Amino acid sequence: MKWQGGRNSGNVEDRRGMSGGQKLTLGGVGGVIVLIIGFLMGGDPSELLNQVQQQGGVATEQGEFQSTPEEDRLVEFAGVVLTSTEDVWGAIFRENGKSYPVTKLSIYRDALETGGCGVGRSEFGPFYCPGDQKIYLDLSFNKELNTRFGAKGEFALAYVIAHEVGHHIQNIFGVLNQTNAMRAKMSETEYNKISVMTELQADFYAGVWAHHATKQSDVKLTYDDIVEGMNAAAAVGDDHIQEQATGQSHPESFTHGTSEQRAYWFKKGYETGDVNQGNTFKDPSLQ
């Protein structure tokens with residue numbers, strides 16, 4: 001993956017010197033997305049919900065922090081990748097006579113007050129907040145990708161960022177509002193299926209970005225990078241995470257899709273490059 005020297009997005013907020021409070025506001029699409037990402041990290045849904053409901057107090061203040069050369073490199077990398085997504089999605093929207101409303105990437109440490117989803121925490125993993133249309137990323141997740149999930153290579157983090165941008169695309173299209181509205185009308189098991197479809201579509205959109213990135217941006221990809229992307233998608237499959245944690249998996253509790261499904265939809269996005277081919281909600285195999 002070639003990215004060095006690429007344009008760095010002006011939509012990256014380095015907030016590593018901010019300290020977040022304890023309270024996570026649940027409600028609306030934002031709460032759903034934050035909790036979904038928590039599930040990806042292997043947490044028990046009911047336990048996570050109880051934890052965040054019991055926490056209180058909010059504090060956000062500027063503090064001193066020491067960066068490292070590796071973190072500085074990751075910040076630059078994230079900025080170049082975000083620029084690439086802006087180039088690709090900007091072109092796709094223009095082709096359809098529309099303007100792409102960009103998302104911002106907020107980089108933080110440990111915990112941070114968001115603009116619409118309460119306090120984000122590093123243990124939730126990267127997440128997108130529809131309330132302020134921002135992506136939140138603790139750089140420590142890059143180590144998690146490599147050590148805990150076994151997703152090697154630079155493209156693994158690029159895939160994660162592109163996946164979260166995929167949620168932003170869903171928010172623009174109104175998908176997140178629609179899926180969140182279904183939550184109150186369904187049982188947890190039924191809604192989990194909707195959650196899986198939502199996450200797989202974000203994987204598909206990440207693949208669409210990868211399809212166009214080399215021609216339309218400063219990021220240059222090889223097929224080896226795409227393989228890394230598929231491996232990263234598979235590494236965060238529900239079945240893989242649950243089996244890794246407990247030795248068994250429970251399909252009824254899946255919220256993101258299996259390793260095979262996640263790799264499949266990312267690959268489909270990459271191979272087609274066509275936004276219209278990613279309607280996971282009409283895939284009979286996911287019903």
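I took helices (H or I, at least four residues) and strands (E, at least two) as DSSP runs, numbered from the N terminus. I worked on a predicted model, where local features need pLDDT of at least 70 and side-chain atom pairs count only at pLDDT 80 or more, while totals for chains, interfaces and linings use all residues. Residues are numbered from 1 along each chain as its sequence is written, and side-chain values use heavy atoms, with hydrogens and water left out.

For accessibility I called a residue buried under 20% relative accessible area, exposed over 50% and partly exposed in between (1.4 Å probe, protein chains only). D110 therefore counts as exposed, at 55% relative accessibility. I then turned to Q133, in the loop between strand 7 and strand 8, which is not a glycine either and has a positive phi of about 55°. Q133 has a relative accessible area of 34%, so I noted it as partly exposed.

**Entry: the sheet**

I counted two strands as paired if DSSP finds at least two bridges between them. Four strands form an open sheet with mixed pairing, in the order 1-4-8-7. Its edge strands, each pairing on one side only, are strand 1 (12–14) and strand 7 (127–129). Strand 7 and strand 8 (residues 134–138) run antiparallel and are joined by three bridges, and C129 stands opposite K134 in strand 8.

**Entry: helix 8 against helix 10**

For axes I used lines fitted to C-alpha atoms, for helices over the stretch in contact, with angles from 0 to 180 degrees between N-to-C directions. Helix 8 (residues 223–235) packs with helix 10 (residues 259–272) at an angle of about 145°, and their axes are 7 Å apart. With contact meaning heavy atoms within 4.5 Å, I found that helix 8 contributes I226, G229, M230, A233 and A234, and that helix 10 contributes S259, R262, A263, F266, K267 and Y270.

**Entry: helix 9**

Which residues of helix 9 (residues 238–246) are buried? I found D238, D239, I241 and Q242.
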